[in-house]
Amino acid sequence: MSTSSQQRTVTDRLVEANTTYAADFTDPGMDARPVLKVAVVACMDARLDLHAALGLNLGDCHTIRNAGGVVTDDVIRSLTISQRALETRSVVLIQHTGCGLLKLTEEFRYDLETEVGQRPSWAVEAFRDLDQNVRQSMERIRTSPFLPHTDDVRGFVFDVHTGALREVDPA
Ligand SMILES: [Zn+2]
């Protein structure tokens with residue numbers, strides 16, 4: 001519990017904002033299946049407001065985000081549930097200019113090992129070429145044996161300075 005003598009934390013601020021949100025909230029009565037039958041896989045970057053950038057409303061899509069918007073096993077797990085249990089059909093993949101992963105390398109794992117005495121089992125999934133990484137990510141989705149719907153998978157680069165999407169040719 002925070003007291004008046006302590007600084008409010010950022011979480012306190014979020015919880016307070018929720019009080020206002022909940023006060024005005026009316027239950028839209030939706031079920032869990034996304035209205036547009038689409039799953040969006042994107043980087044966690046704070047400059048990417050997916051709903052605003054894509055004209056999405058509450059209930060429209062599944063949003064699966066991680067560092068880089070890379071297609072890891074866990075993203076495949078979420079997409080598999082999205083398609084098989086919640087009826088989505090399309091996948092939109094969004095990476096972006098100025099991504100933090102463009103500045104990292106797999107050395108990050110070895111640096112971690114040196115520091116904490118244990119090398120992480122996960123790959124950093126760092127990359128140098130954005131378009132190539134989007135292509136690679138689309139390919140991982142298209143070739144996954146778990147996903148029944150891989151005919152509508154499209155990949156884009158979001159420009160954090162202009163707000164514009166650029167589609168990446170899968171070939
Ligand atoms: Zn990023």
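A residue is buried if 20 or more other C-beta atoms lie within 10 Å of its own, exposed if 12 or fewer, and partly exposed in between, with C-beta atoms placed from the backbone.

Helices (H or I, at least four residues) and strands (E, at least two) are DSSP runs, numbered from the N terminus.

Before going on, two notes on what you are viewing. The model is predicted: local features need pLDDT of at least 70 and side-chain atom pairs count only at pLDDT 80 or more, while totals for chains, interfaces and linings use all residues. Residues are numbered from 1 along each chain as its sequence is written.

**Stop 1: Val 41.** Keep Val 41 selected and show what it touches: Ile 64, Gly 69, Val 71, Val 75, Val 91 and Leu 93, not counting residues up to four places away in sequence. Two residues are in contact if their C-beta atoms, placed from the backbone, lie within 7 Å.

**Stop 2: helix H5.** Select H5, which has 13 residues and reaches 18 Å from its first C-alpha to its last, close to the 18 Å expected at 1.5 Å a residue. That expected span is 1.5 Å times one less than the number of residues. Which residues of H5 are buried? They are Asn 133, Val 134, Ser 137, Met 138 and Ile 141. They cover an arc of only 140 degrees around the axis, so they sit on the same side of H5; the arc is that of the directions from the helix axis to the C-beta atoms. Show H3, E3, E4 and strand E5 (165–168) as well, as the buried residues of H5 pack against these elements.

**Stop 3: the annotated site.** Next pick Cys 43, Asp 45, His 96 and Cys 99, which the UniProt annotation "binding site" (unreviewed entry) covers. Although they are spread over 57 residues of sequence, they cluster in space, with a largest C-alpha distance of 8.4 Å. UniProt positions are given in the numbering used here, feature names are shortened, and annotations may be inferred rather than shown by experiment.

Centre on Asp 45, in the loop between strand E1 (38–43) and helix H2 (50–54). Is Asp 45 buried or exposed? Asp 45 is buried, because 21 other C-beta atoms lie within 10 Å. Leaving aside neighbours within four places in sequence, Asp 45 is in contact with His 96 and Cys 99.

Move to His 96, found in strand E3 (residues 90–96). His 96 is buried too, with 20 other C-beta atoms within 10 Å. With neighbours within four places again left aside, its contacts are Cys 43, Asp 45, Leu 48, Val 157, Phe 158 and Val 160.

**Stop 4: Tyr 110.** For a contrast, select Tyr 110 in helix H4 (residues 107–116). Tyr 110 is exposed, because it has 11 other C-beta atoms within 10 Å.
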